[in-house]
Amino acid sequence: MLVRQLLSLMPVYRFVEAMFKKKKLFKDSLDNSIKQASEKGAITKEMASWADQIRIVGNKSSHADTEDFSPTSEDARICVEFAKALAEYLFVLPARVLRGVESFKKDQDDQQSDR
């Protein structure tokens, strides 16, 4: 079971890094990226705190030889849950809001042209 948890943590850790890179928020390490994203208002302070917890779990799992660390299935679940929430916050929600704004504007324009 331990191998499964370790293997599930690293792709999530890398996925979080990739999302920060895609949003041009990556700054030489995940730690600095989290701080930068929070300072720029790209993520909330609460998300930064959660991201930092995920970063620590990811670091421990990638350097398991330096510490006695045995991630649990709950650690893996929480890491995946965070990655999904971050993707929703950085990509899905802004796209949904933009579609809503555009739809509202189109409706307003249509109403104007009907008059």
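R14 and E17 both belong to helix α1, where they sit three residues apart, about one turn of the helix. Helices here are DSSP runs of H or I with at least four residues, and strands are runs of E with at least two, numbered from the N terminus. The structure is a predicted model, in which local features need pLDDT of at least 70 and side-chain atom pairs count only at pLDDT 80 or more, while totals for chains, interfaces and linings use all residues. Residues are numbered from 1 along each chain as its sequence is written, and side-chain values use heavy atoms, with hydrogens and water left out.

The side chains of R14 and E17 form a salt bridge, with an N to O distance of 2.8 Å. A salt bridge is counted when a side-chain nitrogen of Lys or Arg lies within 4 Å of a carboxyl oxygen of Asp or Glu. By this rule there are eight salt bridges. In general, side chains of opposite charge can pair when their charged atoms come close. Burial was assigned from relative accessible area: under 20% is buried, over 50% is exposed, and values in between are partly exposed (1.4 Å probe, protein chains only). R14 is partly exposed because its relative accessibility is 45%. E17 has a relative accessible area of 11% and is therefore buried.

R55 takes part in a salt bridge with D31, at 3.6 Å from N to O. This pair links distant parts of the chain, since R55 lies in helix α3 and D31 in helix α2, 24 residues apart. R55 counts as buried because its relative accessibility is 14%, whereas D31 counts as partly exposed at 23%. R55 also forms a salt bridge with D52, the closest N and O atoms being 2.7 Å apart. R55 and D52 are three residues apart in helix α3, so about one helical turn separates them. D52 is partly exposed, with a relative accessible area of 24%. Through salt bridges that share partners, D31, K35, D52 and R55 are joined into one network.

Helix α2 also holds Q36. Q36 has a relative accessible area of 16% and so is buried. Contacts were taken as heavy atoms within 4.5 Å. When residues up to four places away in sequence are not counted, Q36 touches K24, L25, F26 and K27.

A nonpolar core is defined as a set of buried Ala, Val, Leu, Ile, Met, Phe, Trp, Tyr and Cys residues joined through side-chain atoms within 4.5 Å. The largest such core has 24 residues, and V16, M19, F20, I43 and L86 have the most contacts inside it. Two or more residues each come from α1 (2-22), α2 (30-39), α3 (45-62) and α4. Helix α4 gives the most, with seven residues. Apart from neighbours within four places in sequence, L86 is in contact with V16, M19, F20, I43 and M47. In soluble globular proteins, nonpolar side chains tend to be buried together.

Aromatic rings were also examined. Rings of Phe, Tyr and Trp (its six-membered ring) pair if their centres lie within 6.5 Å; planes under 30 degrees apart count as stacked, over 60 as edge-to-face and the rest as tilted. One aromatic pair is found by this rule. The pair consists of W50 and F82 and is edge-to-face, with 5.1 Å from centre to centre and 70° between the planes. W50 lies in helix α3 and F82 in helix α4, so the pair ties together parts that are 32 residues apart in sequence. F82 counts as buried because its relative accessibility is 0%; W50, at 26%, counts as partly exposed.

Helix α4 spans residues 73-114 and includes S73. S73 is partly exposed because its relative accessibility is 48%. The C-alpha atoms of S73 and L9 are separated by 9.8 Å, although the two residues are 64 apart along the chain.

Y89 is likewise found in helix α4. At 30% relative accessibility, Y89 is partly exposed. Together with L93, V97 and V101, Y89 forms a nonpolar patch on the surface, with about 320 Å² of accessible area in total. Patches consist of residues with over 30% relative accessible area and no salt bridge, with like charges joined within 9 Å and nonpolar side chains (Val, Leu, Ile, Met, Phe, Trp, Tyr) within 5 Å. Accessible areas come from the Shrake-Rupley method with a 1.4 Å probe, and for residues only the protein chains shown count as cover.
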